[in-house]
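Subject: A structure for you to look at

Hello,

I am passing on a structure that I have just been through, and I hope you enjoy exploring it. Please open it first, and then read my notes alongside it.

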Amino acid sequence: MRILIVEDEPGISNFLKQGLEEESYAVDIAEEGTKGLQLALSGEYDLLLLDWMLPGVSGIEICRLFRKEYKDTPVIILTAKDTVDETVFGLQSGANDYIKKPFHFEELLERIKVQLRPKSGEHSIFILGDITLNTATHQVFKSEEEISLTQKEFALLEYLMRNKGIVCRRTRIIESVWDIHFEYNTGVIDVYINALRKKLKLGEDENYIQTVRGVGYIAKEV
Ligand code: CA
(Lines give C-alpha, C1' and ligand atoms only; values in the text may rest on other atoms or scores of the structure.)
Protein backbone atom coordinates (compact mmCIF):
# COMPACT_ATOMS: atom_id res chain seq x y z
CA MET A 1 0.00 0.00 0.00
CA ARG A 2 1.39 3.37 -1.00
CA ILE A 3 0.49 6.67 0.65
CA LEU A 4 1.11 10.23 -0.53
CA ILE A 5 1.61 12.92 2.11
CA VAL A 6 1.31 16.53 0.98
CA GLU A 7 2.49 18.64 3.90
CA ASP A 8 4.70 21.74 3.99
CA GLU A 9 6.00 21.22 7.51
CA PRO A 10 8.92 18.78 7.21
CA GLY A 11 8.75 18.00 10.93
CA ILE A 12 5.26 16.59 10.51
CA SER A 13 5.75 14.88 7.15
CA ASN A 14 9.00 13.14 8.15
CA PHE A 15 7.48 11.99 11.42
CA LEU A 16 4.47 10.59 9.57
CA LYS A 17 6.62 8.95 6.91
CA GLN A 18 8.74 7.19 9.51
CA GLY A 19 5.73 5.99 11.48
CA LEU A 20 3.83 4.79 8.43
CA GLU A 21 6.88 3.00 7.01
CA GLU A 22 7.15 1.11 10.28
CA GLU A 23 3.62 -0.07 9.52
CA SER A 24 4.76 -1.38 6.10
CA TYR A 25 3.30 1.41 4.00
CA ALA A 26 5.36 2.92 1.20
CA VAL A 27 5.28 6.70 1.63
CA ASP A 28 6.04 9.65 -0.65
CA ILE A 29 6.11 13.27 0.47
CA ALA A 30 5.35 16.44 -1.49
CA GLU A 31 6.15 19.68 0.32
CA GLU A 32 3.91 21.97 -1.71
CA GLY A 33 0.59 21.80 -3.46
CA THR A 34 1.54 21.86 -7.14
CA LYS A 35 3.92 18.93 -6.83
CA GLY A 36 1.41 17.21 -4.56
CA LEU A 37 -1.36 17.53 -7.13
CA GLN A 38 0.92 16.22 -9.87
CA LEU A 39 1.88 13.17 -7.81
CA ALA A 40 -1.71 12.56 -6.67
CA LEU A 41 -2.96 12.55 -10.25
CA SER A 42 -0.37 9.92 -11.20
CA GLY A 43 -2.83 7.46 -9.68
CA GLU A 44 -0.06 5.51 -7.96
CA TYR A 45 -1.46 5.88 -4.45
CA ASP A 46 -3.83 3.91 -2.27
CA LEU A 47 -4.49 6.87 0.04
CA LEU A 48 -3.76 10.61 0.18
CA LEU A 49 -2.98 12.59 3.34
CA LEU A 50 -3.39 16.26 2.49
CA ASP A 51 -2.58 19.22 4.65
CA TRP A 52 -5.24 21.91 4.12
CA MET A 53 -3.00 24.99 4.07
CA LEU A 54 -0.23 24.55 1.52
CA PRO A 55 1.90 26.76 -0.68
CA GLY A 56 0.85 26.42 -4.31
CA VAL A 57 -2.43 24.53 -4.38
CA SER A 58 -4.41 23.97 -1.16
CA GLY A 59 -5.15 20.48 0.11
CA ILE A 60 -8.86 21.07 -0.48
CA GLU A 61 -8.24 22.03 -4.09
CA ILE A 62 -6.00 18.97 -4.61
CA CYS A 63 -8.78 16.84 -3.17
CA ARG A 64 -11.41 18.41 -5.43
CA LEU A 65 -9.34 17.95 -8.58
CA PHE A 66 -8.23 14.45 -7.57
CA ARG A 67 -11.85 13.38 -7.01
CA LYS A 68 -12.75 14.19 -10.60
CA GLU A 69 -10.34 11.47 -11.71
CA TYR A 70 -10.33 8.97 -8.84
CA LYS A 71 -13.63 8.24 -7.10
CA ASP A 72 -12.59 5.49 -4.73
CA THR A 73 -9.13 6.37 -3.40
CA PRO A 74 -9.48 7.59 0.19
CA VAL A 75 -8.38 11.11 1.10
CA ILE A 76 -7.74 12.33 4.65
CA ILE A 77 -7.30 16.06 5.28
CA LEU A 78 -4.93 17.31 7.97
CA THR A 79 -6.05 20.64 9.27
CA ALA A 80 -5.57 23.20 11.99
CA LYS A 81 -8.93 24.67 11.00
CA ASP A 82 -11.60 23.34 13.26
CA THR A 83 -14.83 25.26 12.90
CA VAL A 84 -17.81 23.18 11.83
CA ASP A 85 -18.31 25.03 8.55
CA GLU A 86 -14.75 24.44 7.47
CA THR A 87 -14.97 20.76 8.30
CA VAL A 88 -18.11 20.42 6.21
CA PHE A 89 -16.33 22.23 3.40
CA GLY A 90 -13.49 19.75 3.68
CA LEU A 91 -15.80 16.77 3.43
CA GLN A 92 -17.81 18.32 0.61
CA SER A 93 -14.63 18.60 -1.40
CA GLY A 94 -14.62 14.80 -1.53
CA ALA A 95 -12.43 14.00 1.48
CA ASN A 96 -13.31 10.81 3.33
CA ASP A 97 -12.11 12.01 6.71
CA TYR A 98 -10.18 14.81 8.36
CA ILE A 99 -8.02 15.06 11.45
CA LYS A 100 -7.21 18.18 13.41
CA LYS A 101 -3.68 19.20 14.23
CA PRO A 102 -2.14 18.52 16.62
CA PHE A 103 -3.03 14.85 16.49
CA HIS A 104 -1.69 11.62 17.94
CA PHE A 105 -0.04 9.35 15.39
CA GLU A 106 -2.00 6.36 16.72
CA GLU A 107 -5.29 8.11 15.98
CA LEU A 108 -4.25 9.01 12.45
CA LEU A 109 -3.02 5.45 11.90
CA GLU A 110 -6.39 4.05 12.99
CA ARG A 111 -8.20 6.43 10.63
CA ILE A 112 -5.93 5.36 7.79
CA LYS A 113 -6.60 1.69 8.57
CA VAL A 114 -10.34 2.35 8.58
CA GLN A 115 -10.11 3.92 5.13
CA LEU A 116 -7.96 1.08 3.78
CA ARG A 117 -10.02 -1.63 5.45
CA PRO A 118 -11.16 -4.19 2.92
CA LYS A 119 -14.51 -3.22 1.46
CA SER A 120 -17.33 -5.75 1.76
CA GLY A 121 -16.58 -8.56 -0.63
CA GLU A 122 -12.85 -8.07 -0.17
CA HIS A 123 -10.83 -10.08 2.28
CA SER A 124 -8.14 -9.28 4.78
CA ILE A 125 -6.86 -12.85 4.65
CA PHE A 126 -4.88 -14.10 1.68
CA ILE A 127 -3.96 -17.71 1.11
CA LEU A 128 -1.16 -19.18 -0.97
CA GLY A 129 -0.73 -22.92 -0.57
CA ASP A 130 -0.29 -23.43 3.17
CA ILE A 131 0.75 -19.79 3.66
CA THR A 132 -1.82 -17.46 5.25
CA LEU A 133 -1.35 -13.70 5.40
CA ASN A 134 -3.69 -11.57 7.48
CA THR A 135 -3.53 -7.84 6.75
CA ALA A 136 -5.74 -7.04 9.74
CA THR A 137 -3.52 -8.70 12.36
CA HIS A 138 -0.33 -8.32 10.31
CA GLN A 139 0.51 -12.00 10.74
CA VAL A 140 1.85 -14.64 8.41
CA PHE A 141 1.54 -18.37 9.03
CA LYS A 142 3.08 -21.31 7.22
CA SER A 143 0.82 -24.20 8.16
CA GLU A 144 0.47 -23.63 11.92
CA GLU A 145 3.77 -21.85 12.40
CA GLU A 146 3.86 -18.06 12.64
CA ILE A 147 6.56 -16.58 10.44
CA SER A 148 8.29 -13.39 11.56
CA LEU A 149 8.86 -10.99 8.66
CA THR A 150 10.32 -7.50 8.43
CA GLN A 151 7.96 -4.71 7.37
CA LYS A 152 9.26 -4.72 3.79
CA GLU A 153 9.14 -8.51 3.55
CA PHE A 154 5.54 -8.41 4.74
CA ALA A 155 4.62 -5.67 2.27
CA LEU A 156 6.26 -7.57 -0.59
CA LEU A 157 4.52 -10.84 0.29
CA GLU A 158 1.19 -9.01 0.68
CA TYR A 159 1.58 -7.46 -2.76
CA LEU A 160 2.38 -10.81 -4.37
CA MET A 161 -0.48 -12.58 -2.58
CA ARG A 162 -3.01 -9.84 -3.41
CA ASN A 163 -2.04 -10.41 -7.02
CA LYS A 164 -1.96 -14.20 -6.83
CA GLY A 165 -1.87 -15.79 -10.27
CA ILE A 166 -0.85 -12.53 -11.93
CA VAL A 167 2.69 -11.75 -13.08
CA CYS A 168 3.96 -8.83 -11.00
CA ARG A 169 6.39 -6.66 -12.89
CA ARG A 170 9.46 -5.50 -10.99
CA THR A 171 8.63 -1.84 -11.57
CA ARG A 172 5.10 -2.33 -10.19
CA ILE A 173 6.46 -4.13 -7.15
CA ILE A 174 8.88 -1.31 -6.48
CA GLU A 175 6.20 1.33 -6.95
CA SER A 176 3.92 -0.42 -4.49
CA VAL A 177 6.34 -1.60 -1.83
CA TRP A 178 9.12 0.97 -1.90
CA ASP A 179 8.82 4.75 -2.20
CA ILE A 180 9.58 7.15 -5.00
CA HIS A 181 13.14 7.79 -3.84
CA PHE A 182 14.06 4.16 -3.97
CA GLU A 183 16.89 3.64 -6.42
CA TYR A 184 15.85 1.47 -9.28
CA ASN A 185 18.30 -1.18 -8.30
CA THR A 186 15.83 -4.00 -8.81
CA GLY A 187 18.41 -6.47 -7.51
CA VAL A 188 17.09 -5.53 -4.07
CA ILE A 189 13.81 -7.26 -4.91
CA ASP A 190 15.71 -10.50 -5.52
CA VAL A 191 17.33 -10.20 -2.11
CA TYR A 192 13.92 -9.77 -0.46
CA ILE A 193 12.36 -12.57 -2.50
CA ASN A 194 15.16 -14.91 -1.47
CA ALA A 195 14.70 -13.89 2.17
CA LEU A 196 10.97 -14.60 1.89
CA ARG A 197 11.52 -18.00 0.30
CA LYS A 198 13.96 -18.87 3.08
CA LYS A 199 11.79 -17.63 5.95
CA LEU A 200 8.74 -19.37 4.50
CA LYS A 201 10.85 -22.52 4.18
CA LEU A 202 9.57 -23.18 0.69
CA GLY A 203 10.52 -26.74 -0.17
CA GLU A 204 11.32 -28.09 -3.64
CA ASP A 205 7.66 -28.87 -4.24
CA GLU A 206 6.46 -25.52 -2.87
CA ASN A 207 7.54 -23.09 -5.56
CA TYR A 208 4.86 -20.61 -4.52
CA ILE A 209 6.90 -17.53 -5.41
CA GLN A 210 8.17 -18.05 -8.92
CA THR A 211 10.59 -15.96 -10.90
CA VAL A 212 9.37 -14.86 -14.31
CA ARG A 213 12.64 -14.31 -16.05
CA GLY A 214 13.16 -10.76 -17.30
CA VAL A 215 9.76 -9.63 -16.02
CA GLY A 216 9.24 -10.14 -12.31
CA TYR A 217 7.52 -12.59 -10.00
CA ILE A 218 4.31 -14.50 -9.64
CA ALA A 219 2.71 -16.01 -6.56
CA LYS A 220 0.82 -19.16 -7.38
CA GLU A 221 -0.03 -22.54 -6.04
CA VAL A 222 2.11 -25.11 -7.71
CA1 CA B 1 0.52 23.71 6.12
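One term is needed before the rest: buried area is the accessible area, taken with a 1.4 Å probe, that two parts lose on being put together, summed over both. Please bear in mind that this is a predicted model, in which local features need pLDDT of at least 70 and side-chain atom pairs count only at pLDDT 80 or more, while totals for chains, interfaces and linings use all residues. Residues are numbered from 1 along each chain as its sequence is written, and side-chain values use heavy atoms, with hydrogens and water left out.

**The two domains**

The protein is divided into domain 1 (2–116) and domain 2 (125–219); these bounds come from an automatic or database domain assignment. Their C-alpha centres lie 28 Å apart. About 880 Å² is buried between domain 1 and domain 2, and carbon and sulfur atoms give 38% of that area. Eleven residues of domain 1 are in contact with eleven residues of domain 2, where contact means heavy atoms within 4.5 Å.

What links the two domains through charged side chains? Between domain 1 and domain 2 the count is one salt bridge, meaning a side-chain nitrogen of Lys or Arg within 4 Å of a carboxyl oxygen of Asp or Glu. The side chains of Glu 44 and Arg 172 meet in a salt bridge, at 3.3 Å from N to O. On the side of domain 1 that touches domain 2, the elements giving two or more residues are α1 (10–22) and β2 (26–30). Helices (H or I, at least four residues) and strands (E, at least two) are DSSP runs, numbered from the N terminus. The residues on that side of domain 1 divide into three nonpolar, one polar and seven charged. In this sorting, Ala, Val, Leu, Ile, Met, Phe, Trp, Tyr, Cys and Pro count as nonpolar, Asp, Glu, Lys and Arg as charged, and the others, Gly among them, as polar.

**Salt bridges**

By the rule above, the count comes to 16 salt bridges. Glu 44 is partly exposed at 27% relative accessibility, and Arg 172 is partly exposed at 40%. For these words, buried means under 20% relative accessible area, exposed over 50%, and partly exposed in between (1.4 Å probe, protein chains only).

Another salt bridge joins Glu 61 and Arg 64, whose closest N and O atoms are 3.5 Å apart. Both lie in helix α3 (residues 59–69), three residues apart, about one turn of the helix. An α-helix has 3.6 residues a turn, so residues three or four places apart point the same way. Glu 61 has 32% relative accessibility and counts as partly exposed; Arg 64, at 33%, is also partly exposed.

The side chains of Glu 145 and Lys 201 also meet in a salt bridge, at 3.0 Å from N to O. Glu 145 lies in strand β9 and Lys 201 in the loop between α8 and β11 (209–212), so this pair ties together parts that are 56 residues apart in sequence. There is a network of salt bridges too, linking Glu 7, Glu 9, Asp 51 and Lys 101.

**Helix α7**

Is helix α7 (residues 170–177) largely enclosed or largely open? Six of its eight residues are buried, so the helix is largely enclosed by the rest of the structure. The buried ones are Arg 170, Ile 173, Ile 174, Glu 175, Ser 176 and Val 177. They pack against β1 (2–6), β2, α6 (151–162), β10 (168–169), α8 (187–199) and β12 (216–219).

**Backbone details**

Most residues other than glycine have a negative phi, and most peptide bonds are trans. Ser 24, in the loop between α1 and β2, has a positive phi of about 80 degrees although it is not a glycine. Ser 24 is buried, at 8% relative accessible area. Ser 143, in the loop between β8 (139–142) and β9 (145–147), has a positive phi of about 55 degrees. Ser 143 is partly exposed at 45% relative accessibility. The peptide bond from Lys 101 to Pro 102 is cis, with omega near -5 degrees. Pro 102 sits in the loop between β5 (97–100) and α5 (105–116).

Best wishes
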